[in-house]
Amino acid sequence: MSLSVFSDDHFMKLAIQEAQKAFDADEVPVGAVIVCDNQIIAKAHNLTETLNDVTAHAEMQAFTMAANYLGGKFLDQCTLYVTLEPCTMCAGASYWTRLKRIVIGASDESRGFRSFNENMLHPKTVTEWGLMEEASSRLLKEFFQKKRAI
């Protein structure tokens with residue numbers, strides 16, 4: 001069975017592929033894809049180690065790419081697919097982009113925005129949780145187990 005190229009599953013699989021790129025580069029494996037009118041306008045993964053920049057999270061990279069693609073800062077017709085619950089910085093940035101929708105893979109109970117303030121997202125942003133949560137979590141667990149073993 002093949003996935004529709006316009007399905008949430010398809011776009012989240014692409015976000016997981018981005019997370020795998022981060023994993024392979026020894027970055028925390030988080031991936032993000034932004035879609036507007038069924039078209040991918042941004043794909044990104046964490047680059048904090050590569051760029052030596054604590055703000056280079058997958059979502060932040062994707063927001064910049066999407067805004068550049070659209071020629072404007074508002075992403076109010078766009079959906080963000082992200083493999084891990086955004087931190088407070090990324091949730092705050094998503095507020096300002098006015099995202100239409102966020103689809104999240106795995107929850108982050110210790111550093112995710114909900115552990116600080118559940119109301120960080122724009123009031124019009126629709127949030128969906130747990131899509132391909134197991135695959136997203138597996139990459140993160142493997143990454144941190146590998147780090148602890150070193």
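This is a predicted model: local features need pLDDT of at least 70, side-chain atom pairs count only at pLDDT 80 or more; totals for chains, interfaces and linings use all residues.
User: How many disulfides does a search of the whole structure find?

Analyst: A disulfide requires two cysteine sulfur atoms within 2.5 Å. The search of the whole structure finds zero.

User: Which residues of helix H5 are buried, and where do they lie around the axis?

Analyst: An α-helix has 3.6 residues a turn, so residues three or four places apart point the same way. In H5 the buried residues are Ser 136, Ser 137, Leu 139, Leu 140 and Phe 143. Their arc around the axis is only 160 degrees, which places them on the same side of H5. The face turned away from that buried side carries exposed residues, among them Glu 134, Lys 141 and Arg 148.

User: What do the buried residues of H5 pack against?

Analyst: They pack against helix H1 (8-24), strand S3 (78-84) and S4.

User: What do the buried residues of H4 pack against, and what follows just after that helix?

Analyst: The buried residues of H4 (residues 88-97) include Cys 90, Ala 93 and Thr 97. The partners of this buried set are helix H3 (58-70) and strand S4 (101-106). Just after H4, Arg 98 adopts a positive phi of about 65 degrees.

Conventions:
Residues are numbered from 1 along each chain as its sequence is written. Side-chain values use heavy atoms; hydrogens and water are left out. Buried means under 20% relative accessible area, exposed over 50%, partly exposed in between (1.4 Å probe, protein chains only). Helices (H or I, at least four residues) and strands (E, at least two) are DSSP runs, numbered from the N terminus. Contact means heavy atoms within 4.5 Å. The arc is that of the directions from the helix axis to the C-beta atoms.
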